[in-house]
Amino acid sequence: MIPINDFLVLSAILFSLGMYGVLARRSAVLILMSVELMLQAVSINFITFAVYLSPEQFTGVIFALFVITVAAAEVGLALAIILRLYRNKQTANVDEADIMKW
Amino acid sequence: MTYEEGIFYLVAAITVIGALGVVLARNIVHSALFLILSLLAVAGIFILLAAEFLAIVQVLIYGGAVTILILFAMMLTRVRETPAAVDGPQRPVAALAAAAFMATSILAVVSTEWPGNTEKINVISLDQIGRALFTTWAVPFEIASLVLIVALVGAIVLARGEEGE
Amino acid sequence: MLWPAMTQLNFQWELLAPEFILVGWAGALVLLDLFWGSSAGLRTGRIGKEPLGYLAAAGAVAAALVSLFWIGDHKNFADLIDVNNYTTLFRVFFGLTAAFACIASARYVKDRLLHPGEYYALILLSVVGANGMAAASELLTAYISLELLSFSLYVLASYDKFDLRSNEGGLKYMLLGAFSSAIFLYGISLVYGVTGSTHFNAIGEVLKGDTSDIDMALLLGLALMIGGLGFKVAAVPFHMWTPDAYEGAPLPITALISALSKSAGFALFLKLFTQAFLPLIDDWRYFIAALSVATMALGNLVAIQQQNLKRLLAYSSIGQVGYLLMGIAALSPESASALVLHMIGYVVTNLAVFVCIIIYYNWTGKEEIKDYAGTAERAPFLALCLSIALFSLAGMPLFAGFATKFILFQSAAQEDLLWLAGVAVFFSFVSLYYYLLIVKEMYLGEPAERTRFPTPWLEYGALSLLVAGVMFVGLYPQPVYDAVEDSTATIFAAVEDSAAVSERP
Amino acid sequence: MQDAWLMPAIPGAAFVILLLFGKYLPRKGDWLSIAAMAASFVIFFPVLADLLDKVDTEGFTGGGKSWEWISFDTFTIRLGFFTDQITIVMLGVVSFVALMVQVYSVGYMKGDSRYGWYFTCMSLFAASMLTLVLADNLLLLYAGWEAVGFCSFLLIGFWWEKRSAAEAAKKAFITTRIGDVGFLIGIIMLWKQAGTFDISDIFQFAAAGGYDSTYLTAAVLFLFAGAVGKSGQFPLHVWLPDAMEGPTPVSALIHAATMVVAGVYMVARMFPLFQLADPVALDVVLGLGLTTVVLSATMGLVATDIKRVIAYSTLNSLGLMFVALGAGSTTGAMFYLFVHGFFKALLFLASGSVIHATDRQDINDLGGLAAKMPLTAAVFGIGTLSMIGIVPLSGFWAKDEILHSARDAESAIIYVIVLASVAVTALYMTRLYVRTFFFQPRDRQAREHAHDAPLLMSAPLLLLAALTLVSGFLVFDGVGEALGFPGGIGKFVFAEEAEAFKFSWEVALASTAVALGGLLAGFAIWQEDAQPAKRLGERFRPVYELLFHRYYVDEVYQWAINHIVLFAGSVLAWFDRNIVNDTGVDGSAGLTYLSGFQMKFLETGKLPNYALAISLGVIVIAILFLVLKA
Amino acid sequence: MGYVLLALIAIPLLSAPVFMAVPSRYPQLTRYVAALGAAAMFALSLLVFIAYEYQGGSGLRYTLQWDWLENVGLLRENGITLHLAVDGIAAPMVLLTGIVALAAVFVSWNINFRNKDFFVLLFVLISGVYGVFVSQDLFFLFFFYELAVLPMYLLIAVWGASSDFGTFIRTKEYGAMKLVLYLVAGSALIFIAIFATFVEADKGTFDLPALGSATYGESFQKWVFPLYMIGFGVLAGMWPLHTWSPDGHVAAPTGVSMLHAGVLMKLGAFGILRVGITLLPEGAHFWAPVLMTLGVTGALYGAISALAQTDLKYMVGYSSVSHMGYVLMGLATMNNIGVNGAVLQMFAHGVMTALMFTNVGAVYDQAHTRDMTTFGGIARRMPRHSAFFAIAGLSSLGLPGLAGFVAEFHIFVGAFRAGYWWAGALGILAAAITATYILRMLAHAYFGPLNERWEGLKEMRPGEQFAGALLIAFIIFMGVWPAPFVDRITDSVKNIPGIS
């Protein structure tokens, strides 16, 4: 069988990559995509723990289900906001959205 | 190495490659495509975890809805496809931070002795999930529906073009 | 611990009545807006929708009143939602907060925003989310409630569609919010992994035992959760969104973010850390204390530099978070009630400040500090109320800030965190400076013109209520404090009773 | 004697009435002030009689009445009034001279815009001075001491519209105040060991050996500092000549007869302590007295203002009194004080008449007044001769006592110096007299209008002159016996350690010779248009300059005040403003502000930076968690 | 009688609505209301002082205790109570407040710009001051302490005056801000000390008598006392934390300066005594030499600085620093004579500095300058004013028969008794320097030939004369017959632990 740590390490890698994406990217859409990667890692974690460690309650699985749902909603909402910004400012680049600072 | 492990490593590799593609690709559309790859691979991981239902959900919601939404958004926002427009000046620091986090989290995960049987995957049936979802977890389920409504209403209110725009 | 069979779970749906009222009311408002607008033929939706705000406020108050029904109860819904004094306190508190936000919104929305029905509906839904955060006894419910609150606020923050600052603030708020909730979730997943449960009490039960095997993942998870919650309550260094979101959001929403989001965050923070992580307090105490110091320092020092009143209030609210975090760092029954007491005092005061600013904005459309020059002459009552509220924020006597800060700091000192109390006192002193700058502008500045502003009776009424609240808490906090202590006592009692969790109805 | 307290109380009451209602009283209430003073003087006689009755009683050390003022715990202050032999001498002088001066003032001050205020101050002065004299404890003594200083301030600055008067008043008060610093320290030092302010209790305590010798020496030296200031001894003598800015009767009363001798009185009063202390204490008294004698005598030679010359003579006399004290002769000092009160008041009042009549007070503007003002010239002459020390005027007898004690002192130089000072005194007093009353007037106009003072002003002059003539005889046993105190004033004053009147032809002849020599030399030098004096002045130009500039002491002080005290003040003010405030206070505020200014740039407005902050926060917490746990 | 104390706090606070009710177009009515309120306070203060029985007993009189917050959180039975009482130390302070408040109202008579607001704020200030003096609960003591600071900013910044001194400018906003921040900074330390005290006492109450009966460890006392000392010391103008005082006084309107220098600064010294020394006697003993040094330094430093000032208000401001230095010296003696002296000096300085500010204000109102070098001979035009000023000055330089002497004398004696002979001697020297600057000022500004520029000056207003006369009456009363004060003060000082 596959040891639990393999999944967890994969999840950690995925999460870190997502984090990197959020930090390094300039496009709002790309940042959003990176966040999705992080959420994927979370889902993997939840399911892994559920199936390995607490199958009798499998809260993890349910949790993962909710994470995916929320993530989808999040994408929809975020894209609407990005679109709004783009309409007003003709950019989806987060670096350029800095009229408010200091 | 059992064949299961073999498959796992393969799928995991695809996942990671996809993820790398998402965060590294210079072309934003490529990133989106990599994302699809990665998402699908994660669905594969779910299957390896015996959570087929979630894999399906994953494919449907992510592979379908989300990615299409993202591609739409890309087209609507006509992102300039220069590398400079894609990556920020913060890349080196970002890489360091992400690496540090990765090291920390992997270390933490590996050095933890998980309580319970860490070798055996337990199958959780769809029946169980469905039952739990509508009884035990009814409240979060309903709140989640509110979340979706909010997102929906919000997206409409915000994205909708107004008179005179 | 055994997972109770489903049949043992309590499904008294009436326990969730306030939330049902809120949701129903929200739906009704959307519909009302839809039909009212078209039937009146006012298609722009800009005129005549003012009463919607008052209706929404009525809904929020109704929810608050209904929740009073469960005073003294110790019930839970499906082991996910606690209905006890803690929940009741926050339900009432959130309901009233939202009601004031709605009243303050009415004129503002009428003048400046589209889609009022949805606007008020979202406010009511955000209250549902906030209620859920305070009531949840389990992480999934807490998380999903948190997202409900956040989503509502994301939308509301971006609600001024044609204002670049609103767009930008909303975007930052949303993306960072998503990022931080990913972090929070990752933390939850790790904690879930090591404890096998998402129930606060169950987690606490596990952590009471020997945790040396699972320390690494557990602490990593804890760090991530602190990050996620820190974002929600705007603790340094997770606070960066706050000034921008505050500045960008429509004014009533800024008020809502500062009041509702923050206090809901703390309600969850407090409950989670009390019921789940109290056994590890020696591990995390000093981190929270450090966050607290950093938060107070940055919030108050940077606030000095601000020109924009909303932004200043954002930083000042960050500073306040620093004080509130002391209550977590010193976590004990006393400090918990002190924290909640201070939070209530702070939120009431802050709402008063925002109502003042909104009134002023409705008059002039300005929100820079220098625009307040001579307000004392043009609107003496407003200037007086704003001064009182600002002095309260600075912790001056007669007003809520003094008594509640005193109690909060004392509770930290009691838990061997005298140094932290000292730092807090110092920054509280720094804060007086920038509050005084506003007072100075109002009383010493030369007004642009000398005419009096028209009196907005309703808003002034709300303002008077809030200022009365500020004075009440400042002059006679006993009833509020008693109520707060009754409520926080329940979450600590739950810790002690957690062994008997399965015997619950 | 129990009721000696009435003596200050009556003028005190008069003061209060005058202060509050003076404006509404007829004649601005001058009569009230004088009546009060007269009543006070009348009371002096029963008090004296009472004392004379009791003075022979065994173990008599004086007596009086006291009230509790402050009391708590072990700390009690009783304020009371007390009479003994020393007091009575001073009381006589004060009450009599004060009465004379007030009567004189009615004429002298007539028409002044602040006529009523003048008498108000005079009443206050009389009350304070009598309190000082009668005080049975050091605190009340100090209170009286300060109060007379304050009155002196008010009266020197009486014509405060004159810049010089305002300045002189200020100078007088501050200079004496410097001495009072020491005085108060001394008082508290004495209290600290004895636990009481009561003078007789302190004596008992000291006699019982309660004070350590060094400690006591320090304490009495501090006390003496007060006397130095009050009695114008070097180096705090500078205020007295300037004090002549006040109305002349004031100079007569305060700056000649009473207040300035308070220092002598106080030292005499506390003399038992001086004796118990290390001899150094008395040496200091003597040394400063001697220095003052020398300085004032020489400065008197070149001063041209009548009043200033007399003021130098006052300094001179005060110096002599301290010499006597330093040499251990309280009798000499007190006796000189007694007679000095009369003849110096006389001199001042007479000079007041001159000034009143001519409106001039520079001797270079005067001259030849004897014919116009015969009475004034006569009484002035009596005063002058007494001051010079010519037999049989009172000054002679008193000075003789002092010369005796100086001769008995350790060093012959003292005797020589005192003798020399007698000569110099004779010289400048002669100069003063000659220049004022004889020869050609230098300002004819002034002479034209000159006339003797009216009766009201002359009567005090005559009375004082009479006393100047006879009071010296009190030293004789016979005189004393006739008056009720056998043994003369010497025995009377210090019944315990009576000092008999000393007389030796040797000293008397020496002093008379020297005095006459000075007198004749003075007459020779300053006759007619004073050519010899001018020649001498040219010849010894530097000496003249030195004397004319009063040894540059005032200049040095002024320089010190300007360049050290005020400079220190401005440095401190600068320090306070720029270092303490602008750097220390505003600086730390600025630092806070600046740190906020730096911190605000953390908020870059760029989302990735925000995300980075979140990540780093989480990572740092996580790593620290793990490191700390591991 | 406890209700009298409550009334002292409540009258000024409850006057606020009354003031609000007065229409703005009747400024005169506002003044009458203010005068009435102040007169009532004065009468009650006098009552409190006179009726205080000082023979025997615990020292607390007129106790009134109302529950405020208890059995909740950290608080146990009687956790925080509105516990009002006076003791022999508070009684003269209450009287002082009454006197100065009444005088300040009359001096502020001619404030026309928004005089309603002015009196409201002024009365809040007065309420805070009374509160501190009569509180027997640490929380409320601090509450009122801050309350007294609260209105200061507006009082100074709105009704104050900026000054241009050529080389530097002190705006009223600066003075106000500095004053308020300084005082709050000081109270920050007190805050911390109170927390520590509460924890250490472990009584679950802030009641001062209860806290007084607790035991505090020696090391605890040693580190907490300086917090109280410095924290309260700021308000007491303790060197080198005094700079708010001259600048603040200069910027403030006259009535506020009077209250501030006259009463508010006393709160600091009062706090050190009532809280610091009473609760932590061992700490006080340990730190007494430091306090003594600071006190002496302040006395000398203030006096010398005053010497260099040409601005009348700065001079008075620095003289306040100097005199508060005496108060601290008195406290540092830790014996009953010195502490008595300190309290006496609080009263004496309060009255005389109020008088000084009255005078400075009177002349400034007409001349619009306070530069003493530009004056000269104005005693001719304003004789009463000059006499008042002179009396204030003489009291401050310690002329026997006036209040200042009695107080300073006690302090010096106390210092000598405690073995601080050097401090006593320097203190006396500082008094001599005081004489120098007071007389310099009088000679420069009031005496000498009348400067033509000031021909038009008039005598000060009747209201100011009344205020002055009131203050002088007490200066003389205390100077001549201090026993009523001393008896009351002693009654309580002897109960303070650690005072020998």
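Among the 8 pairs of chains in contact, chains A and B share the most contacts. The model is predicted. Chain D and chain E also touch, through 41 residues of chain D and 43 residues of chain E. Chain B is built from 7 helices and 0 strands. In chain D, helices H3 and H4 pack with their axes 10 Å apart.

**Contact between chains D and E**

- The contact draws 41 residues from chain D and 43 residues from chain E.
- On chain D, four elements each supply at least two residues to the side that touches chain E: strand E1 (63-72), helix H5 (138-156), helix H6 (163-194) and helix H26 (553-600).
- H6(D) gives the most to this side, with 15 residues.
- By class, the side of chain D that touches chain E holds 26 nonpolar, 5 polar and 10 charged residues.

**Chains without contact**

- Chain A and chain E are joined by no contact, and their closest C-alpha atoms lie 25 Å apart.
- Chain B and chain E are likewise joined by no contact; here the closest C-alpha atoms lie 34 Å apart.

**Chain B: fold and dimensions**

- From the N terminus on, the elements of chain B run α-α-α-α-α-α-α.
- The C-alpha trace of chain B spans about 60 × 45 × 25 Å along its principal axes.
- Chain B has a radius of gyration of 20 Å, whereas a compact globule of 165 residues would have one near 15 Å.
- Buried residues make up 41% of the 165 residues in chain B.
- Of the contacts in chain B with a separation of 6 or more, 50% link residues 24 or more positions apart.

**Helix pair H3 and H4 in chain D**

- Helix H3 (residues 85-108) of chain D packs against helix H4 (residues 115-134) of chain D at an angle of about 175 degrees.
- H3(D) is therefore roughly antiparallel to H4(D), since angles over 145 degrees count as roughly antiparallel.
- From H3(D), the residues that meet H4(D) are Thr87(D), Met90(D), Leu91(D), Val94(D), Ala98(D), Gln102(D) and Ser105(D).
- From H4(D), the partners are Tyr118(D), Met122(D), Ala126(D), Met129(D), Leu130(D), Val133(D) and Leu134(D).
- By class, the contact of H3(D) with H4(D) has 11 nonpolar, 3 polar and no charged residues.

Methods. Residues numbered from 1 in each chain as written. Chains lettered and ligands numbered in written order. Predicted model: local features only at pLDDT ≥ 70, side-chain atom pairs only at ≥ 80, totals over all residues. Contact = placed C-beta atoms within 7 Å. Nonpolar A, V, L, I, M, F, W, Y, C, P; charged D, E, K, R; others polar. Rg over C-alpha atoms; globule rule 2.2 N^0.38 Å. Buried ≥ 20, exposed ≤ 12 C-beta atoms within 10 Å, placed from the backbone. Axes fitted to C-alpha atoms, helices over the stretch in contact; angles between N-to-C directions. Parallel < 35°, antiparallel > 145°, perpendicular 65-115°, else oblique.
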